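User: I am new to this structure and would like to know what stands behind the terms used for it. Please set each value against its cut-off.

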Amino acid sequence: MTPGTASADTARAYAHHATLTHLNPDDLTKLETTVDRLGTTYSSKPPRELWPTAARQRHRVFTLQHEHRHTLREARELARHAGMLSVILAWIAHDLGKGDLVQDYCNDAWTQSKQADHPEVGAWAEDVRSTHALYANRPLDALVAATRGMAVAPRDGNAAVRLSAQVARAYARLGKAADFEEAVVRSHNYQERLPLHAAGLFAVDAVRITSYDASSHVWLGHAGRARAAAEEAIGHYRAFPSSFQAPTRLAIAQLDLAQAHSALGEPDAAIATARQALTRSRLVDSIRGRAQQLDRTLQRRYPEDSAVAEFGEELHVLLTA
């Protein structure tokens, strides 16, 4: 360990071992393609069909991380892919109504983002967590998750845009109208620069923010504004080319419109609109929950209406099939 006994072979060995890997040259490329494909095609397939592929790929990354030698740079890339796959699995669990899995996969994605030194992965995890908490009637948890995600999301990136809208609708769900109006300014500033439509689980577009506005106004009791925002979102969703279809978002906008009709004294229009939302094949948990909420609202407001009773029976059959 003195200069006189130093060996060039030792220095070369250090460099060699720093780059020594047992990964195949295309392992990381294939993972990148898999994550991109799952995100891009997410809304076109039922969640139960997506789960096996996503779960298998997530475990493959685990195997590469723990059973194959790799470089530090590759370790970070593996952690990034692991985190994004866990985000996708969290979304699937949300759509299937598996709340415990949502939290566990979000926690894993957050952990992987720290290991990868890639905070955007953690931001996407909080986007799922916020959405799930909102639909589970835990708006304060939704606000906490969205705020936590905003703190780490790259400035003006897709995750930051989505989370800014999440913060606004969490305030609306909490009934904090003034805080909502203040928060929604940020998401509307983003909206002006967004494309009208975009495809994929991790995309952002202007219509999504309009759709979030519709939900927010429903929760705040602004029936007229809710109807206007929902009708605008529905019109855009229906006009999208097939490659940009968003069946879940369209159905939720229709159910928001149905809630607005109900509040405006139009139960028949509410039922007709809700039926349109429920004719779609991708009946995920968020749509089921919104439909049940609408049914309860209609029955409370119009207890003697036979059409309301009939709709309630139809919905029970549909959701228990």
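User: Where is Leu 134 found, and why is Leu 134 called buried or exposed?

Analyst: In this predicted model, Leu 134 is found in helix H6. Its relative accessible area is 5%, and buried means under 20%, so Leu 134 is buried.

User: What does Leu 134 contact, leaving aside its neighbours within four places in sequence?

Analyst: Contact means heavy atoms within 4.5 Å. By that test Leu 134 is in contact with Pro 139, Ala 142, Arg 169, Ala 170, Arg 173 and Trp 219. One of these, Arg 173, is 39 residues apart from Leu 134 along the chain, with 7.7 Å between the two C-alpha atoms.

User: Which residues of H7 are buried, and what puts them on the same side?

Analyst: The buried residues in H7 are Pro 139, Ala 142, Leu 143, Ala 145, Ala 146, Gly 149 and Met 150. They cover an arc of only 165° around the axis, which puts them on the same side of H7. An α-helix has 3.6 residues a turn, so residues three or four places apart point the same way.

User: What do the buried residues of H7 pack against, and which exposed residues does the face turned away carry?

Analyst: The buried residues of H7 pack against H6, H8 and helix H9 (177-191). On the face turned away from the buried side are the exposed residues Leu 140, Val 144 and Ala 151.

User: How do you know what span is expected of H7 and of H8?

Analyst: The expected span is 1.5 Å times one less than the number of residues. Helix H7 (residues 139-152) has 14 residues and reaches 20 Å from its first C-alpha to its last, close to the 20 Å expected. For H8, with 16 residues, the span should be 22 Å; the end C-alpha atoms are 23 Å apart, which agrees.

User: What makes H8 largely enclosed by the rest of the structure?

Analyst: Of the 16 residues of H8, 13 are buried, so H8 is largely enclosed by the rest of the structure. Just after H8, Gly 175 takes a positive phi of about 80°.

User: Which phi values are positive in residues other than glycine?

Analyst: Most residues other than glycine have a negative phi. Asn 137, which is not a glycine, has a positive phi of about 60°. Phi of Asp 156, also a residue other than glycine, is positive and near 65°.

User: Where are Asn 137 and Asp 156, and how exposed is Asn 137 and Asp 156?

Analyst: Asn 137 is in the loop between H6 and H7. Exposed means over 50%, and Asn 137 has a relative accessible area of 52%, so Asn 137 is exposed. Asp 156 is in the loop between H7 and H8. Its relative accessible area is 42%, which lies between the 20% and 50% cut-offs, so Asp 156 is partly exposed.

User: How do you know whether His 94 is buried or exposed, and what does His 94 touch?

Analyst: His 94 lies in helix H4. With a relative accessible area of 3% against a cut-off of under 20%, His 94 is buried. Not counting residues up to four places away in sequence, His 94 touches Val 102, Thr 131, His 132, Tyr 135, Asp 285 and Ser 286.

User: How much space lies in the largest pocket, and what lines the largest pocket?

Analyst: About 580 Å³ of space lies in the largest pocket. Its lining has 34 residues, with Ser 43, Arg 208, Ala 246, Thr 248 and Arg 249 nearest the centre. The lining divides into 15 nonpolar, 12 polar and 7 charged residues. H12 gives the most to the lining, with 4 residues.

User: How many helices and strands does the protein have, and how much of the protein is buried?

Analyst: The protein has 15 helices and 0 strands. Buried residues make up 48% of its 321 residues.

How values were computed. Residues numbered from 1 in each chain as written. Predicted model: local features only at pLDDT ≥ 70, side-chain atom pairs only at ≥ 80, totals over all residues. Heavy atoms only, no water. 1 Å grid on protein atoms, 1.4 Å probe; cavity = no way out; pocket = protein on both sides within 12 Å on 5 of 7 lines; lining within 4 Å. Points joined across faces, edges and corners; volume = space filled by probe spheres on them. Helix = DSSP H or I, 4+ residues; strand = E, 2+ residues; numbered from the N terminus. Nonpolar A, V, L, I, M, F, W, Y, C, P; charged D, E, K, R; others polar. Buried < 20%, exposed > 50% of the residue type's maximum accessible area, 1.4 Å probe, protein only. Arc of directions from axis to C-beta.
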